[in-house]
Amino acid sequence: MTTTPRLPLTVTAATLLTVMFLPAAHADDGGPSVPPGTEPSATAPVQVDPNDPDLKLPEGATLAEPKVLDIKQVVEDQSGDERREDTNADVKFALQAEVLFGKDSAKLNGEARARISAIAAEIKNQKATRIRVFGFTDNLGSYAHGLTLSRQRANAVQDVLDEELNDSAITYEVRGYSEDYPIASNTTESGRKKNRRVEVSFPRGEN
């Protein structure tokens, strides 16, 4: 068995706590978007008591409203087949459909289980008990067909995760979104390839 060498591409971004909530986006709207309830958010790492005597403030000065940064680290393998995003609160893996399934199929291929098993190992490491598995397609074909296919693919990935984790305390949210919420332009094949994906996300642990 040959292993494709991976050269991680790491991008770190910081976004302010003030978040613009976006409506549901279709593939032809342009620009990345995320499903409702998965918007980035940040929580303050510590509570600051403005009356703490050890807090040195000039006479008459007050604390400004806190601004909390949500740091996002993105690592994508050289081929672009797999992408990992880490924020203060969550971990998200995005796997391109081509590395998991045949064309227009929801049947997992031989390579898929190893990739999903690696995600299951990270879920165990983070001690996560709430997992989202979302499927997405490009804008080719009908929207209804995309809904069915993206849901079937998400179900297939969730089935393997459930087998690997074997934990009744874990709850899953499994959805198919068809061409909604693209992460690249659907006007090129390279963009459509990125949009055909399954995402697995879960809360970050404290370890």
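Colleague: Taking a salt bridge as a side-chain nitrogen of Lys or Arg within 4 Å of a carboxyl oxygen of Asp or Glu, how many salt bridges does the structure hold?

Modeller: It holds 19 salt bridges. This is a predicted model, where local features need pLDDT of at least 70 and side-chain atom pairs count only at pLDDT 80 or more, while totals for chains, interfaces and linings use all residues. Residues are numbered from 1 along each chain as its sequence is written, and side-chain values use heavy atoms, leaving out hydrogens and water.

Colleague: Great. Which residue does R115 form a salt bridge with?

Modeller: R115 pairs with E82, and their closest N and O atoms are 2.9 Å apart. R115 belongs to helix α1 (residues 112-126) and E82 to strand β3, so that distant parts of the chain are linked, 33 residues apart. Helices (H or I, at least four residues) and strands (E, at least two) are DSSP runs here, numbered from the N terminus.

Colleague: Are R115 and E82 buried or exposed?

Modeller: Both are buried. Buried means under 20% relative accessible area, exposed over 50%, and partly exposed in between, with a 1.4 Å probe and protein chains only.

Colleague: And D81, where is that found?

Modeller: In the loop between β2 (69-76) and β3 (82-86). D81 counts as buried because its relative accessibility is 15%.

Colleague: What else is D81 in contact with?

Modeller: Leaving aside neighbours within four places in sequence, its contacts (heavy atoms within 4.5 Å) include A94, L95, Q96, V99 and K193.

Colleague: Switching topic: which residue's side chain does D86 meet in a salt bridge?

Modeller: R204, at 2.2 Å from N to O. D86 lies in strand β3 and R204 in the segment after β7 (197-203), so the pair ties together parts 118 residues apart in sequence. D86 counts as buried at 9% relative accessibility, whereas R204 is partly exposed at 30%.

Colleague: What about E163?

Modeller: The E163 side chain meets that of R113 in a salt bridge of 3.0 Å, N to O. Since E163 is in helix α2 and R113 in helix α1, the pair ties together parts 50 residues apart in sequence. E163 is exposed at 52%, and R113 is partly exposed at 37%.
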